[in-house]
Amino acid sequence: FMNGAMCSAEGIVLDGNDDYVDVDDFEFGGAVAFEVYVKYDSFRASSRVFDFSSGASSDNVIMCNPGDASTISWSVRQGSTAKGLQTSNFDSATWTHVVI
């Protein structure tokens, strides 16, 4: 847990500013799935749910709020080639289960 991130009875708590959880290095291989429960108090541009990467725009797996509206984006980038999905009407102040 970095920069004030902490664990509570509701899960990992981040302040939306600079908190994050640093996960040990691992290698993707074959089929994978990501599962999270997410509750935004408010939507802020580029707030990440997770971001596994080898640097900016290089081999990324990202789930984030790309703007300040109720939109969630899922993106996979292999080298410089990106594929993604986006959905709107993501509720704030409500726990939402997401599996990708």
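Biologist: Which residues is V21 in contact with, leaving aside its neighbours within four places in sequence?
Modeller: With those neighbours left aside, V21 is in contact with F1 and I12. Contact means heavy atoms within 4.5 Å. Keep in mind that this is a predicted model: local features need pLDDT of at least 70, side-chain atom pairs count only at pLDDT 80 or more, and totals for chains, interfaces and linings use all residues. Residues are numbered from 1 along each chain as its sequence is written, and side-chain values use heavy atoms, with hydrogens and water left out.

Biologist: Where is the place of V21?
Modeller: V21 sits in the loop between β2 and β3.

Biologist: Why is V21 called partly exposed?
Modeller: Because its relative accessible area is 35%. Buried means under 20%, exposed over 50%, and partly exposed in between, with a 1.4 Å probe and protein chains only.

Biologist: How many Å separate the C-alpha atoms of V21 and S70?
Modeller: They are separated by 23 Å, and the two residues are 49 residues apart along the chain.

Biologist: New topic, rings. How many aromatic pairs does a search of the whole structure find?
Modeller: It finds seven aromatic pairs. One is F34 with W74: the pair is tilted because the ring planes are at 55 degrees, with the centres 5.7 Å apart. F34 is in the loop between β2 (11-13) and β3 (35-38), while W74 is in strand β6 (residues 72-78), so this pair links distant parts of the chain, 40 residues apart. As for the cut-offs, rings of Phe, Tyr and Trp (its six-membered ring) pair if their centres lie within 6.5 Å; planes under 30 degrees apart count as stacked, over 60 as edge-to-face, and the rest as tilted.

Biologist: Are F34 and W74 buried or exposed?
Modeller: Both F34 and W74 are buried. Ring pairs also join these two with F50 and F52 in a cluster.

Biologist: Which residues make up the largest nonpolar core?
Modeller: It has 11 residues: F34, V38, Y40, F43, F50, V61, M63, I72, W74, F90 and V98. β5 (60-65) and β6 are the elements that give two or more residues to this core. A nonpolar core is a set of buried Ala, Val, Leu, Ile, Met, Phe, Trp, Tyr and Cys residues joined through side-chain atoms within 4.5 Å.

Biologist: What does V98 contact, leaving aside its neighbours within four places in sequence?
Modeller: The contacts of V98 are F34, E35, V36, M63 and F90.

Biologist: And why does Y40 count as buried?
Modeller: Because its relative accessibility is 9%. Y40 is in the loop between β3 and β4. Not counting residues up to four places away in sequence, Y40 touches S47, V49, C64, N65, I72, F90, S92 and A93.

Biologist: N65 is in that list. Which strand is N65 found in?
Modeller: N65 is in strand β5. N65 counts as buried because its relative accessibility is 0%. Beyond its neighbours within four places in sequence, its contacts include Y40, F43, S46 and T71.

Biologist: What is phi of S46?
Modeller: Phi of S46 is near 65 degrees, a positive value in a residue other than glycine. Most residues other than glycine have a negative phi. S46 lies in the loop between β3 and β4. A93 also has a positive phi, near 60 degrees, and A93 is in the loop between β7 (81-87) and β8 (96-99).

Biologist: How many lining residues of the largest pocket are charged?
Modeller: 14 are charged, alongside 17 nonpolar and nine polar.

Technical notes
Helix = DSSP H or I, 4+ residues; strand = E, 2+ residues; numbered from the N terminus. Nonpolar A, V, L, I, M, F, W, Y, C, P; charged D, E, K, R; others polar.
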